[in-house]
Amino acid sequence: MIDRRLIHNFDWGLLMVVMLLGAVGLTTVYSAVTADPPPAAQKVLFYKQMIWFTLGFIVMTASFSFSYRVLDRWAHPIYVVCVLLLLGVVVFGKLAGGSRRWLVLGPVHLQPSELIKIAMVLVLAKYFSKGSDPRGFNLRELIRPMLMTGLPFALIVIQPDLGTAGLVALIAVTMALFVKVERRALTLLVTSAGALVPLVWSLLKDYQKQRILTFLNPDQDPLGAGYHIIQSKIAIGSGMISGKGYLQGTQNALSFLPEEHTDFIFSVLAEEWGAVGSIGVLLLLLVLILWGLNIAHRCRDPFGNILAIGITALLGWQVMINVGMTMGLMPVVGVPLPLISYGGSSTLTVAICIGLLMNISMRRFLVE
Amino acid sequence: MEQFFKKEEPDGYKPRIVGVMLTVLALFGVLLLRLIYLQIVMGEEYYRLSMNNSIRLQTVDPPRGLILDRYGTRLAENRPSFDVNFTPKDAGDAGRVLNELSLYLQSPAEELLAKVKHSRGLAAFKPVLLKQDIGRDVLAALEARRVDLPGVSVQVRLRRNYLQAMNASHVIGYLGEISLEELKSGDHPGLRSGDAIGKFGVERTFDNYLRGEPGGRQVEVNANGQVMRVLQTVAARPGHNVVLTIDRELQQRAEELLDGVAGAAVAVDPANGHILALVSSPTFNPNSFVSGIASEAWEALVSHPFRPLENKAIQGEYPPGSTFKIVTALAGLEEKAIDETTAFECAGALHFAGRDYRCWKREGHGRVDVRRALAESCDVFFYRTGQRLGVDRLAWYAKACGLGARTGVGLDQEARGLIPSSTWKKKRFGVPWQEGETLSVSIGQGYNLTTPLQMALLAAAVGNGGIRYRPLILQRVETVEGEVVFQAAHQEAGRLPISPRNLKIVQEGIWAAVNGERGTARRVHLSDIEIAGKTGTSQVVGRKDSGDDYTPPHLRPHAWFVCYAPAAAPKLAVAVVVENGEHGSSAAGPIAREMVKTFLRKVPDAQRLAGDGVKVVAGNG
């Protein structure tokens with residue numbers, strides 16, 4: 001039976017922001033996939049994305065239909081399953097483009113590195129919500145969260161998917177800083193991390209160093225990542241104020257953009273809609289993030305509070321990294337733009353995130 | 001009020017939300033500013049670039065490392081080649097341009113069009129390679145008509161050039177376009193399809209050293225595809241130079257000597273295992289592989305009866321014939337089956353199990369001891385020695401001498417050879433070993449198979465006092481600036497299983513083969529350099545009872561000669577095999593002798609040794 005207060009408290013505003021962004025996403029994916037010759041084969045991707053959105057809607061509904069508080073109990077099992085899936089990727093994963101990121105289960109191609117992000121937010125929220133000394137978590141108390149982050153981090157690094165690994169680390173650090181880390185522990189961790197960098201660096205092989213350098217500075221590889229960046233910047237810049245018009249993007253149409261329907265979708269959008277469209281979408285994404293923070297702010301329960309922060313950090317960092325990357329502010333990594341980029345696993349992950357935010361939002365007054 | 005604080009204090013996260021929000025706003029502010037910079041401040045510039053679609057990528061190929069011989073003589077280098085590219089996007093009317101271009105390139109317009117169509121899968125702005133290595137006259141004509149040929153560009157690329165076209169081809173090897181399997185294997189992460197990769201020989205084995213790393217350029221081109229400005233360049237890192245242990249002069253001399261026959265010759269430095277010459281005959285011209293070999297030329301190479309593409313020095317497996325008697329002698333001595341005074345009567349044949357096992361000398365040698373048996377290659381002596389040893393003890397010694405196993409030289413598809421034993425035969429054929437077979441094996445016939453490199457290394461070990469060195473083909477690797485990246489160190493692979501005293505007996509035996517009055521290799525004798533060596537004649541078919549029948553050339557026995565010189569302190573060990581050459585002393589021996597002469601008479605010894613910086617290992621006896 002559904003509590004009437006729940007319907008009353010449902011976060012219609014969040015739903016509206018999400019639907020708006022989703023609509024922008026679908027139309028942009030359509031442009032990205034049809035401009036690319038040959039259109040017939042590519043159009044399939046658009047219909048697939050419609051299916052993903054429908055599924056995402058169902059998953060989102062499922063994610064707010066139960067009380068998020070039960071997740072406090074389920075956090076560990078969920079985490080274990082996701083880590084096992086990640087291990088499965090390492091062992092059985094499908095090799096594509098030089099890395100193993102996909103798990104093929106019959107017709108479904110699963111990307112466990114997407115799911116682990118949520119699982120990690122859950123276990124960290126559970127752990128941090130048990131509270132600490134007012135001075136913050138000390139070094140000993142931080143060992144567990146560090147291990148809980150380090151395991152998936154390592155498994156994603158060896159895929160290798162440095163972008164997602166970095167994202168996982170960023171989310172964990174954001175959550176830890178939010179719940180407060182003891183000053184002494186913080187200093188120690190920052191300095192030891194700084195000291196570790198040259199040590200690890202000296203252990204790496206030359207080609208590994210080269211890979212990391214190219215990752216940090218794509219200009220070193222002007223035929224690969226550097227080329228993509230300059231083409232992406234041309235696409236965005238050439239949109240000028242009002243854009244070239246929907247389906248009129250030339251950078252997009254001539255396949256100058258790599259991965260234009262996934263990682264570089266923002267460039268397509270900016271080229272076709274100009275500053276008006278791109279700034280509009282960016283502000284809409286900002287509203288989404290601030291909305292998430294507001295949900296955290298209004299939640300009275302520590303678990304829900306930290307969970308909302310973690311989820312918002314997940315979404316927020318993805319926006320920062322993806323948009324920053326298309327504009328040449330960040331290294332080129334395979335991190336999709338929430339609600340806009342094409343992709344099954346990522347759409348479902350975002351749907352779960354939104355559903356959980358709604359879940360926390362609508363139950364903020366219910367104290368059990 | 002007090003209650004409120006108590007409730008809030010333990011999870012005092014609320015004020016921190018404000019901090020988080022401010023951080024978010026600041027980060028989004030950066031994104032917004034960047035967006036405004038790109039779209040509004042720089043918008044027109046980027047719009048212009050996008051309208052021209054004028055950013056092109058050019059790979060800057062790294063110059064491939066040189067291949068040098070031990071004295072720095074160039075074996076492989078690079079030379080500029082002018083390649084004609086065509087970019088459909090820049091051409092406008094592609095048909096007209098290609099028609100005109102076909103006049104200059106003297107290839108039919110349809111062929112050019114087919115090439116362009118073939119690469120249609122690629123985006124239209126990617127240049128298609130139409131013709132490689134055009135002459136300077138064609139280049140001049142093209143440059144003059146440049147304006148009328150939009151989309152056509154000439155690129156200078158470096159092409160591999162093998163300076164001594166037919167020399168050391170099997171060692172140097174050649175380049176080819178990377179194959180689909182090689183791309184898929186994941187062993188060459190930096191390579192794309194169309195890139196050249198070492199396919200054979202040193203080019204393949206040391207590809208990683210030689211290749212270097214490509215650089216790249218982002219350039220802006222005008223409507224005709226001409227470069228207007230370079231936006232960004234990353235320099236290529238040239239490949240490293242590879243210095244081999246090969247002595248080009250000796251190598252070339254050996255090739256001349258083997259010209260016209262099928263065979264192989266290997267020369268190594270007994271003091272360290274450096275390969276001074278590695279010859280396989282006939283040879284081929286690696287330059288014909290550089291821009292893809294024509295199918296007729298390929299067909300001719302593959303169907304040649306003398307198999308020019310095979311590196312016979314390491315891939316050729318031949319019965320060692322009488323050269324194997326070195327192994328039988330040292331096994332017999334060491335196992336005390338014989339000693340230096342043991343003598344057997346040779347009456348021209350040994351009767352065993354109802355059959356005559358013949359000696360090559362029909363009238364017989366009379367009573368011979370081990371030294372004379374080696375010098376005169378008496379078969380009966382070694383039949384008897386083999387009988388006393390048994391096949392398995394003999395096999396153990398042969399393997400301990402480095403036979404029947406790869407030497408680890410690191411070149412393509414090195415063969416193992418074969419040393420038979422009773423368990424091997426049981427496993428291979430399912431029937432037990434026959435003692436008669438031991439007799440054949442004792443004189444290097446039967447199942448025995450060895451490669452010329454293995455035999456050269458055996459001769460080196462006998463000569464230097466018993467140390468078996470791993471063969472080295474690579475001496476060092478240097479950057480273009482001359483900084484040494486890798487320096488090969490000589491490495492012991494093992495020792496001959498023989499005491500210094502017994503080894504000396506074997507050494508004396510094969511010394512007498514060349515320098516003795518009745519030695520089988522008297523023709524090899526030199527007045528100024530003492531050579532110690534052993535002839536060999538390995539049967540292609542079973543030895544016939546009557547020797548005066550005509551034998552067709554391809555069934556004639558292979559001729560072997562292994563030696564080292566100077567006998568007292570060897571600086572060179574050689575193995576030569578001439579396929580169907582019949583007699584070791586006449587077909588293979590003189591080749592080895594000439595190689596010794598070339599090498600040892602070329603430079604005064606002191607100078608040669610000073611250059612190498614190595615000391616000859618004295619025998620440990």
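Before anything else, I noted how elements are named: helices (H or I, at least four residues) and strands (E, at least two) are DSSP runs, numbered from the N terminus. This is a predicted model, where local features need pLDDT of at least 70, side-chain atom pairs count only at pLDDT 80 or more, and totals for chains, interfaces and linings use all residues. Residues are numbered from 1 along each chain as its sequence is written, while chains are lettered from A and ligands numbered from 1 in the order in which they are written.

Lys180(A) sits in the loop that joins α7 (162-179) to α8 (183-203) of chain A. Its phi is positive, about 80°, although Lys180(A) is not a glycine. Lys180(A) has 18 other C-beta atoms within 10 Å, so it is partly exposed.

In chain B I found Lys336(B), also a residue other than glycine with a positive phi, near 60°. Lys336(B) is in the loop between α15 (325-334) and β13. Because it has 10 other C-beta atoms within 10 Å, Lys336(B) counts as exposed.

**Entry: the two chains**

Chain B comes to 24 helices and 23 strands, and 44% of its 621 residues are buried.

Next I checked where they meet, taking a contact as two C-beta atoms, placed from the backbone, within 7 Å. The contact uses 36 residues of chain B and 45 residues of chain A. Which element of chain B gives the largest share of the side that touches chain A? I found that α2(B) does, with 16 residues. By class, that side of chain B has 22 nonpolar, eight polar and six charged residues. For my own reference, Ala, Val, Leu, Ile, Met, Phe, Trp, Tyr, Cys and Pro count as nonpolar, Asp, Glu, Lys and Arg as charged, and the others, Gly among them, as polar.

**Entry: strands of chain B**

I counted two strands as paired if DSSP finds at least two bridges between them. Five strands of chain B make an open antiparallel sheet in the order β12-β11-β23-β22-β21. Its edge strands are β12 (275-281) and β21 (532-538), each pairing on one side only.

Within this sheet I looked at β22 (residues 558-565) and β23 (residues 572-578), which pair antiparallel over seven bridges. Trp560(B) stands opposite Val577(B) of β23(B). The loop between β22 and β23 holds Pro566(B), and the peptide bond from Ala565(B) to Pro566(B) is cis, with omega near -15°. I found another cis bond from Ser281(B) to Pro282(B), with omega near -5°; Pro282(B) is in the loop between β12 and α13 (295-303).

Elsewhere, β13 (residues 343-346) is joined by four bridges to β16 (residues 366-369), running antiparallel. Phe344(B) and Cys346(B) form the covered face of β13(B), and Ala343(B) and Glu345(B) the uncovered one.

**Entry: the largest nonpolar core**

Here a nonpolar core is a set of buried Ala, Val, Leu, Ile, Met, Phe, Trp, Tyr and Cys residues joined through C-beta atoms within 7 Å. The largest one has 122 residues, and those touching the most other members include Ala265(B), Ala456(B) and Val574(B). Helix α21 (residues 452-464) of chain B gives the largest share, nine residues. Why does this core lie between domain 1 and domain 2 of chain B? Both domain 1 (57-244) and domain 2 (248-286 + 311-612) give residues to it, so it lies between them; the domain bounds come from an automatic or database domain assignment. Leaving out residues up to four places away in sequence, I saw Ala456(B) touch, among others, Val266(B), Val562(B) and Val574(B).

Gly430(B) follows α19(B) and has a positive phi, near 75°.

Key:
A residue is buried if 20 or more other C-beta atoms lie within 10 Å of its own, exposed if 12 or fewer, and partly exposed in between; C-beta atoms are placed from the backbone.
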